[in-house]
Amino acid sequence: MRPLLLAPALALALGASPALAATIEVTIDKLVFSPANVQAKVGDTIEWTNKDVLAHTATVKGGWDVMIPAKSTGKVTLKAAGAVDYFCRFHPNMKGHVEVAP
Amino acid sequence: MFMRSSTAALAALFFASTAPLAQAAEKPTDPQIAHIAYTADTIDIEAAKLAIKKSKNKEVVDFAKDMERDHEAVNKQALDLVKKLKVTPEDNDTSKALAKAAKEERAKLAKLKGADFDKAYIENEVAYHKQVNGALETLLIPSASNAELKSLLETGLKIFQGHEQHAEHVAGMLK
């Protein structure tokens, strides 16, 4: 009986972290990331929804580089804590900021 | 050397032709503004096509492809808007001056090769976007009377400012 009782507990423990992870939505409209500043935790996902007819990227120097095609979405799962600035490689005047808590 | 002179020539042509239009009585009309915007976009697409064909530098080719893709997307939006507004783009002196200067620039670029071409193309992209941004800010956006056209030009300005920074970044890498 014991292993049977343990199994769900183990599954719950293993599943706990992804289950609590949140998806943070950021919209891109007319070359603006909105909201430009977001707060997240390690394990959370940021998903960008691009309303423009232009492709964009969300790029961190020396870090992640997410392609966000025109009228589409792109996402990244945050793996490291810390604050990062990101920008669009195609339009470097587009800027955003993410604070990632441990 | 040649870049400086050609840029100056383009600036002279462009500003000489826009200066009269800047006067209140001769502000460009919406059909003229639409034509100028479309012409400015098309010029950059032509330059990009030349760079994609001629350059062997990955950064330069990638940049040119970005320009081609963005300006084609903007032109499509512009054409959709003029259709919706039932505006017929009207040729004018500014469009003509832009097209003439661009033709001369392309002829000069076509004669260059390798790193000389890459440098000249990117430097011209920086200068060209700077000029178009100046015209958008000081003449085209303030002159546009239709709200949707004005909004499209404002988005266009943000795109072009982004391209200018992108071009400056690539220019920095070529040094």
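**Contact between the chains**

Mentor: The contact draws 13 residues from chain B and 11 residues from chain A, where two residues are in contact if their C-beta atoms, placed from the backbone, lie within 7 Å. This is a predicted model, in which local features need pLDDT of at least 70 and side-chain atom pairs count only at pLDDT 80 or more, while totals for chains, interfaces and linings use all residues. Residues are numbered from 1 along each chain as its sequence is written, and chains are lettered from A and ligands numbered from 1 in the order in which they are written.

Trainee: Which element gives the largest share of the side of chain B that touches chain A?

Mentor: On that side, the elements giving two or more residues are α3 and α6 of chain B. Helices (H or I, at least four residues) and strands (E, at least two) are DSSP runs, numbered from the N terminus. The largest share, eight residues, comes from α6(B).

Trainee: How many helices does chain B have?

Mentor: Read along the sequence, chain B shows the pattern α-α-α-α-α-α. It has zero strands, and its helices number six.

Trainee: What length does helix α3 of chain B reach from its first C-alpha to its last?

Mentor: Helix α3 covers residues 58–85 of chain B, 28 residues in total. The expected span of a helix is 1.5 Å times one less than its number of residues. For α3 of chain B the expected span is 40 Å, and the helix reaches close to that, namely 40 Å.

Trainee: Why does B:A34 count as buried?

Mentor: B:A34 lies in helix α2 (residues 30–54) of chain B. Leaving aside residues up to four places away in sequence, B:A34 touches B:A78, B:V82, B:V87, B:P89 and B:L149. B:A34 counts as buried because its C-beta neighbours inside 10 Å number 27.

Trainee: What percentage of the residues in chain B are buried?

Mentor: Chain B has 175 residues. Of these, the buried residues make up 39%.

Definitions and conventions
A residue is buried if 20 or more other C-beta atoms lie within 10 Å of its own, exposed if 12 or fewer, and partly exposed in between; C-beta atoms are placed from the backbone.
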